[in-house]
Amino acid sequence: MDDRNSPAVRRRDLLGLSTAALAGAVSVTVSRGLPGAPALAAVPGPHAAPHEQEAEVTPPEDLMREHGVLKRILLVYREGIRRVEGGESAPAQPVNAAARIIRGFIEDYHEHLEEQYVFPRLRAAGRLTGTVSVLQLQHRRGRALTGRILAATGRSGTSAAHARRALVADMAAFIRMYEPHEAREDTVIFPAFREVVPAKEFLELAERFEDEEHRRFGRRGFEGIVDQVADIEKALGIYDLSQFTPTR
């Protein structure tokens with residue numbers, strides 16, 4: 001596969017946006033399972049305590065932390081909107097990198113898991129079927145918006161006023177849809193999913209989600225994607241968490 005078309009945005013694709021990554025970082029695979037079930041044996045790292053084990057990660061927790069990546073991308077889009085509306089040029093390169101993470105990690109991976117495993121189980125159980133239909137429609141609308149954002153920021157076409165307005169409108173529409181979208185999934189869909197899936201299958205799904213994550217995104221998986229988002233935030237000057245604290 002051509003690296004430039006890979007769903008995971010490579011650090012070098014940021015072309016100067018990345019800060020230096022920590023060298024030699026070692027990731028330990030997180031054991032996943034059902035709360036209360038026997039913990040899967042964790043392979044200790046070189047500095048791990050003799051009996052140290054990693055915390056288990058359930059499928060809903062996995063999906064919800066991936067929503068954290070989405071929330072951080074929405075902040076990138078908000079910063080792009082702020083700059084354009086403030087008379088600055090569109091930050092095309094960082095926004096394009098962010099949209100590529102949306103396409104590869106959120107749409108092609110995260111939403112694929114929801115559509116393959118979560119939504120069908122709720123439909124089969126007769127639970128929240130109307131909400132599921134809306135969420136799937138929003139997935140399709142989101143892909144259309146992402147396609148336009150990628151096209152607008154992947155060429156030197158955002159200098160024209162009408163192109164900037166169109167980009168701002170698409171990013172704003174994406175934010176407006178996905179804020180309630182992910183909130184509804186976190187508070188309604190995922191708890192219902194947990195209720196309809198038997199414990200043994202829940203544990204098996206946790207392993208399947210983890211395998212798919214590492215198959216698509218390599219050994220560091222989720223952690224590597226978070227690093228990519230942090231690089232984009234640093235390039236835009238929005239990485240420092242303290243800047244979002246009210247002064248009084």
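This is a predicted model: local features need pLDDT of at least 70, side-chain atom pairs count only at pLDDT 80 or more; totals for chains, interfaces and linings use all residues.
Start by selecting residues 59-85, which form helix H1. This helix has 27 residues, and the distance from its first C-alpha to its last is 39 Å. At 1.5 Å a residue, 39 Å is also the expected value. Then select glycine 87, which follows H1 and has a positive phi, near 90°.

Move on to residues 92-124, helix H2, and pick out asparagine 96 within this helix. Is asparagine 96 buried or exposed? Its relative accessible area is 15%, and buried means under 20%, so asparagine 96 counts as buried. Now show what surrounds this residue. Apart from neighbours within four places in sequence, asparagine 96 is in contact with Leu150, Thr153 and Gly154. With threonine 153 there is a polar contact between the two side chains, at 3.0 Å.

Next, select leucine 128, in the loop between H2 and H3. Leucine 128 is not a glycine, yet its phi is positive, about 55°. Its relative accessible area of 28% makes leucine 128 partly exposed.

Finish with residues 129-153, helix H3. The end C-alpha atoms of H3 are 36 Å apart, in agreement with the 36 Å that its 25 residues should span at 1.5 Å a residue. Colour the buried residues of H3, among them Val132, Leu135, His139, Gly142, Leu145, Ile149 and Ala152. Leu150 and Thr153, the contacts of asparagine 96, are also on the list of buried residues in H3. Which helices do the buried residues of H3 pack against? Show H1, H2 and helix H4 (161-196) to see these partners.

Technical notes: Residues are numbered from 1 along each chain as its sequence is written. Side-chain values use heavy atoms; hydrogens and water are left out. Helices (H or I, at least four residues) and strands (E, at least two) are DSSP runs, numbered from the N terminus. The expected span of a helix is 1.5 Å times one less than its number of residues. Buried means under 20% relative accessible area, exposed over 50%, partly exposed in between (1.4 Å probe, protein chains only). A polar contact is a pair of N or O atoms within 3.5 Å; within protein, one must be able to donate a hydrogen and the other to accept it, and residues adjacent in sequence count only if both atoms are side-chain atoms. Contact means heavy atoms within 4.5 Å.
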